[in-house]
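Welcome! Please take a moment with the sequence and the 3D view, and then read on for a short tour.

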Amino acid sequence: MSAATSTAPRSTGTKPKKSKGLNAGQGRMGLLLVAPTLVFLAGIILYPLLRAIQLSLQKDAGLDKATGLFVEGGSAGLSNYTHWLLQKCGEVDCPPGTLGDQFYSALWVTLFFTVVSVVIELGLGMWFAMIMNRDFKGRALVRAAILVPWAIPTAVTAKLWLFIFAFDGIANKLIGYVGINPQLWVSDPWAAKFAIIIADVWKTTPFMALLILAGLQLVPGDVYEAAQIDGASKWQTFIKITLPLVKVPLMVAVLFRTLDVMRIYDLPAILTNGGGGTTSLSMLVIKQIQNGFHSASALSTIIFLLIAFTAFLFIQFGGADVVQRPPKSKKKEPEAAVGNPVAANATSTGA
Amino acid sequence: MTATTTAPPTSGRTEAQEIHFKSDRAAKIRMYLGLSALVIWGLAPFYWMVVTAFRNVGYTFDSTPWPTHVTLDNFTTAFSTDRGNHFGAALVHSVIIGILTTAVALLVGVSASYALARLDFPGKYAVLGVILGASMFPGVALVSPLFQLFSNFGWLTGANYQALIIPNISFALPLTIYTLTAFLSEMPWELEESARIDGCTPGQAFRKIMLPLAAPGLFTTAILAFISSWNEFLLASLFSTKQTQTVTVAIANFTGAQPHQEPYTAVMAAGTIVTVPLIIMVLIFQRAIVSGLTAGGVKG
């Protein structure tokens with residue numbers, strides 16, 4: 001990141017000469033054009049990231065437990081990390097109820113949200129995408145309808161589901177019709193977790209469905225036709241043809257959603273406020289900041305490493321090929337149309 | 001009947017589907033049932049929010065599925081400052097923050113997107129990787145250093161919009177570049193080559209020929225960046241003050257007549273006000289938004 005920034009010849013700033021043909025000076029021009037972005041990203045992402053690591057190696061100011069005196073801080077070594085990972089508050093184990101003690105419960109509940117939400121979203125998203133991957137009247141209406149949950153701010157979504165899940169709310173009335181007792185959706189350990197998962201799945205399945213739909217539309221129709229002629233069943237067609245052909249967009253969608261849920265904050269913070277053991281890792285960071293940002297920095301660095309490692313696994317072993325080479329300038333119209341399947345399809349169906 | 005009205009010349013799929021549909025009416029009925037399920041999925045909770053927003057506060061938990069006890073009082077309550085809520089001011093703050101975030105992200109992002117879509121230069125794929133990494137970056141990893149930095153600058157009191165705009169750029173800029181690069185790489189760049197053969201510099205060819213063509217893509221990108229800033233909550237809840245409080249923070253902290261009493265109908269009214277402009281934008285620009293959302297993830 002920083003290497004690329006420093007090689008950008010910003011200081012010279014001269015434009016490439018016109019006389020050297022059309023492609024001369026592209027290298028320099030390119031670096032010049034991306035330089036401001038790299039400077040911005042270095043300033044607002046790389047610098048805070050490095051600073052967080054630096055802060056995480058220092059002590060929070062506070063009372064020294066051994067001497068009872070107020071200490072300003074100083075080097076902490078890795079004690080802020082062992083505080084979270086090994087549950088050490090100074091020399092002793094963190095007492096129950098402290099933020100340090102909540103680390104593993106926050107980690108497990110965050111991973112629980114991630115796995116359950118993404119699996120449900122993948123299944124439902126696939127089904128939604130298959131439904132929409134047909135020619136039908138009213139395509140615009142359906143597409144607009146499923147974009148509504150995506151457009152609503154998550155904070156509003158949380159309040160909306162808080163109302164739906166209120167004790168006297170519509171959710172308890174609806175489950176009452178099928179004979180289920182009313183649930184305490186914001187404080188019961190299981191109901192609260194599923195309240196968050198339901199709200200998250202509602203909001204983000206459309207995004208998943210649209211990504212998968214865009215992938216499905218890359219599959220040429222005659223492939224299905226051939227399968228049908230060869231007597232393949234619908235299930236065989238789905239497993240043997242559809243899935244392998246949409247694997248890459250599917251994995252990209254799963255990667256984006258996985259990383260998104262791993263940093264979940266808005267829904268548990270507003271909908272349950274951590275009730276029923278739903279305090280996520282991100283919520284723990286925000287709570288910790290008020291009590292000392294050195295150990296908060298250690299926790300946020302742990303989250304960053306966890307997310308970076310997950311992304312690495314997906315890209316390395318999961319086939320989530322995210323940095324795909326953009327089409328070269330030589331590409332002609334038909335390929336460009338394939339490159340943007342949704343737009344191409346939308347214009348051709350004339351909905 | 002369907003075939004005559006919807007047959008797209010380019011698809012090649014419709015012929016097979018035509019046969020399929022004629023032979024299997026049940027499949028068609030199932031398809032429309034599925035589509036109805038999709039529409040209900042998207043609209044039912046939103047519908048419930050709007051119905052509640054217009055319902056008299058005394059009938060908050062009335063479960064009649066259509067509007068009853070219709071009133072505008074909840075909107076008055078939402079904008080009222082009597083209970084220490086400043087929703088009206090928060091709307092203004094969110095618009096200011098959203099517009100400035102979008103403007104900075106677009107100004108900085110356009111040139112990078114152009115370079116990534118059009119030019120070959122050393123380290124191009126490293127830059128793409130950096131931008132992608134930035135777009136997956138967890139915002140929570142920024143909060144503690146920025147919290148310390150901003151409080152040293154004295155930005156965590158008063159009307160310091162930059163304390164909200166700067167962190168917002170950290171996700172709006174990668175999003176902008178990602179979406180815009182996908183848009184720009186699909187434009188008819190032959191026109192630019194013609195312009196350059198006619199004697200334009202690369203800059204002139206871009207400004208005079210390509211920029212007008214790129215306007216829809218720019219506009220969609222701007223909408224996506226604005227929505228991402230408008231919807232942001234974590235950073236805003238930490239870095240905003242009374243003078244910069246955003247709508248998401250205002251709605252999350254809405255207080256009722258009594259403490260611990262959630263003013264559901266007023267919150268639903270506020271939620272409706274915050275959401276309806278976005279829904280209108282989605283209705284108008286849905287096609288472009290969908291291609292913008294999926295452009296980065298799926299490249300042929």
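**Where the chains meet**

The contact takes 103 residues from chain A and 104 residues from chain B, where residues are in contact if their C-beta atoms, placed from the backbone, lie within 7 Å. This is a predicted model, in which local features need pLDDT of at least 70, side-chain atom pairs count only at pLDDT 80 or more, and totals for chains, interfaces and linings use all residues. Residues are numbered from 1 along each chain as its sequence is written, while chains are lettered from A and ligands numbered from 1 in the order in which they are written.

**Chain A's side**

- Helix H2 (residues 26-56) of chain A gives the largest share of the side touching chain B, with 18 residues; helices (H or I, at least four residues) are DSSP runs, numbered from the N terminus.
- That side of chain A has 72 nonpolar, 19 polar and twelve charged residues. Ala, Val, Leu, Ile, Met, Phe, Trp, Tyr, Cys and Pro count as nonpolar, Asp, Glu, Lys and Arg as charged, and the others, Gly among them, as polar.

**Domains of chain B**

- Chain B is assigned domain 1 (2-53) and domain 2 (79-295), with bounds from an automatic or database domain assignment.
- Their contact takes four residues from domain 1 of chain B and six residues from domain 2 of chain B.

**A helix pair in chain B**

- Among the residues making the contact between H5(B) and H10(B) are Gly98(B) and Ala105(B) of H5(B), and Ala222(B) and Phe226(B) of H10(B).
- By class, this contact of H5(B) with H10(B) has ten nonpolar, six polar and no charged residues.

Conventions
Contact = placed C-beta atoms within 7 Å. Helix = DSSP H or I, 4+ residues; strand = E, 2+ residues; numbered from the N terminus.
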